[in-house]
Every structure is written in structure tokens, then in C-alpha cells.
Amino acid sequence: MSLTKRLDAARDAFVNGDTRRCEDLHSPASVAQIAVSSANREGESLLGRYLGDFVYGGLDGIITTFAVVSGVAGAQLGAPIILILGIANLLADGFSMGTGAYLSSKSEREFYDREKQRELWEIEQVPDGQRNELRTLYVTKGYTPEEADQLVAIQSQHRERWAETMLVEQAGLLKDETNPFKSAVATFAAFLIAGALPLIIYLVGLVVPVADNTAFLISMILSGVALFTLGAAKVVVTKLNPVRSGMEMLIIGGFAALVAYVVGALLKNIGG
């Protein structure tokens, strides 16, 4: 069993209170497979690593684009304005989301690398001080002085591992394995794909005439289905109830669209 599937099985056992399944997953034979499957971990975790970016990028794309559609529909400005503002928002906001994901991931990695270099330098300059600091951190967590000494002796055998341990214990920093560029692409692509759904019927209207009310209703249905689906898919990351998660996103997205529609309706005559 792969590491990813083993972890999913462990989560299911926990949720269901399945102690027998938990025991099977921790049998000597099952545990021995960890070393065998760890070599394939990178490829297996690729989807899970960027699934969060894809889901959340898609949710933001649907909510913001349909809010634009709702606002323009409330103001009764017509399908052409919906397409202009919708596509502009789709591209501009999608690019902004992707850029934000890239810069955020890149900044976190740069900060971690800089802090790690500092720890490596301190290990080089004051190794005894670093050992004492790590020992104190372990004792603070509840380890006995003897246990803390043993842990420090183990962790300090390798400089890289020692520095990474100091970052975890001292600052709560874990290395982010995501690639900033891939994170940005996943976010941008999800925003474009999901955000385009509310506009599909208006694009169809360029070829086949569709009444404004009918187009808005179809856009609303497509957006609602997409919001619920992506909200339910979010449980792959959060491990919560899919129906509850889907309904939560449907309500949030619906409220955002309602606010936009009301604002559009109230301001439709602002130009005179």
C-alpha cells in the first residue's frame, strides 16, 4: 500500500472508530511497506499537494465571477456588459490570484531557507549553546532531562537534520515542499475554468439568442452546482463532511451573489 493510500485508510479508521483497521495498518508487515513506498511519495503526493490551490482557486473564481454577473443583472445592463466585465474580471483576478499564490509560496520558502541558514551558522558557531537550547525546548515540552539528552544526541548527529529540528521546535517552521510556479498555475487554471462557468450561457447567447432572465437563471444554476461540487471536493483537503462543506460554499457564494445583485439593483439609475 502506498503512503498516500495508507494515510487515507488511517483517516477513515479514525473517523469510523475502526480499531481493527487501525491495528492492521500498524502491523509489522504494513509498517515495513513504508520504506518501500517512500521512494514513490513525490509522485503520489503531487495531486494532493496542489489540490488545495485548485479547489480554492476554483471556488474564488466562481464566487467573484458570478458576483459580477449578479451585480450587472441586478442593474439590468444586459448581456454584453456582463461578458465584458465578467471576462475582464476572470482574466485580471485570475492573474492576481495566481501571482499571489506564487509570491506567497516563494516568500515562505525563502524565509524558511534563510532561517535554516541562520540555524546552520549558529550550529557552526555555538554547537554547545544550540544543544543546550534544544535540550531546554524538549524539557519544556515535558520530556525528562535524560530523555531530552538522548533526543539531542540523536538530532545533533547530522547538521541538516539538526537545523531543521531547531526550526520546528523553536519557531514551529516546517519546510514547504510545494513549487511556487506549479501552485500559481494550479490556482490560475482553476480560477479560469471554474470562473468561466457563470459566463458560458452568455457566450452561447452570442450565437443563439437567450433572454436575459433565462440566461441569468441558467448561470445561477451552473454556479450553484459548481459551488456545491467544489465545496464538497474541498473535503479531500479538510476531511470534513462533503454535503456540509458543499452546502457551506453554496450559501457563502449565494450570499455574495445576492449582495452584488442588490447593490446593482439599487445603483442601476446612478447614471441618471
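# Questions about an all-helix model

Me: What share of the contacts in the chain between residues at least 6 apart in sequence joins residues at least 24 apart?

Reply: That share is 73%. A contact here means heavy atoms within 4.5 Å. Please keep in mind that this is a predicted model.

Me: Why is threonine 187 called buried?

Reply: Buried means under 20% relative accessible area. Threonine 187 has 4%, so it counts as buried. You can find threonine 187 in helix 9, residues 180-195. Leaving out residues up to four places away in sequence, threonine 187 touches Asp53, Gly57, Met97, Gly98 and Ala101.

Me: Why is phenylalanine 255 called exposed?

Reply: The word exposed is kept for values over 50%. Phenylalanine 255 has a relative accessible area of 56%, so it is exposed. Its place is in helix 13, residues 242-266. From C-alpha to C-alpha, phenylalanine 255 and alanine 67 are 9.3 Å apart in space, while 188 residues apart in sequence.

Me: How do you know that aspartate 24 is partly exposed?

Reply: Partly exposed covers the values between the buried limit of 20% and the exposed limit of 50%. Aspartate 24 has a relative accessible area of 42%, so it is partly exposed. Aspartate 24 belongs to helix 2, residues 19-25. Aspartate 24 and alanine 10 are 14 residues apart in sequence, with 9.8 Å between them in space, C-alpha to C-alpha.

Me: And why does glutamate 177 count as partly exposed?

Reply: The reasoning uses the 20% and 50% limits again. Glutamate 177 has 47% relative accessibility, so it counts as partly exposed. Look for glutamate 177 in the loop between helix 8 and helix 9. The C-alpha atoms of glutamate 177 and arginine 109 are 8.4 Å apart, and the two residues are 68 residues apart along the chain.

Me: Is serine 156 buried or exposed, and what is the value behind that?

Reply: Serine 156 has 13% relative accessibility, so it counts as buried, the limit being under 20%. Serine 156 sits in the loop between helix 7 and helix 8. Beyond its neighbours within four places in sequence, serine 156 is in contact with Arg131 and Trp162.

Me: Which residues of helix 7 are buried?

Reply: In helix 7, residues 145-155, Ala148, Val152 and Gln155 are buried. They span an arc of only 70° around the axis, which means they lie on the same side of helix 7.

Me: Why do residues three or four places apart point the same way in an α-helix?

Reply: An α-helix has 3.6 residues a turn, so residues with that spacing point the same way.

Me: What covers the buried residues of helix 7, and which exposed residues are on the face turned away from its buried side?

Reply: The cover includes helix 6 (127-140) and helix 8 (159-171). The face turned away carries Glu146 and Gln150, which are exposed.

Me: What makes phi of glutamine 76 worth a look?

Reply: Phi of glutamine 76 is near 55°, a positive value in a residue other than glycine. Most residues other than glycine have a negative phi. Glutamine 76 lies in the loop between helix 4 and helix 5. Its relative accessibility is 58%, so it counts as exposed, the limit being over 50%.

Me: Which residues line the second largest pocket?

Reply: Glutamine 76 is one of them, and the others are Val72, Ala73, Leu77, Gly78, Ala79, Ile82, Tyr202, Asp212, Asn213, Phe216 and Tyr261. The pocket has a volume of about 200 Å³.

Me: Which helices each supply at least two residues of that lining, and which gives the most?

Reply: Helix 4 (41-74), helix 5 (79-125) and helix 11 (212-233) each supply at least two. Helix 11 gives the most, with three residues.

Note on methods
Residues numbered from 1 in each chain as written. Predicted model: local features only at pLDDT ≥ 70, side-chain atom pairs only at ≥ 80, totals over all residues. Heavy atoms only, no water. 1 Å grid on protein atoms, 1.4 Å probe; cavity = no way out; pocket = protein on both sides within 12 Å on 5 of 7 lines; lining within 4 Å. Points joined across faces, edges and corners; volume = space filled by probe spheres on them. Helix = DSSP H or I, 4+ residues; strand = E, 2+ residues; numbered from the N terminus. Buried < 20%, exposed > 50% of the residue type's maximum accessible area, 1.4 Å probe, protein only. Arc of directions from axis to C-beta.
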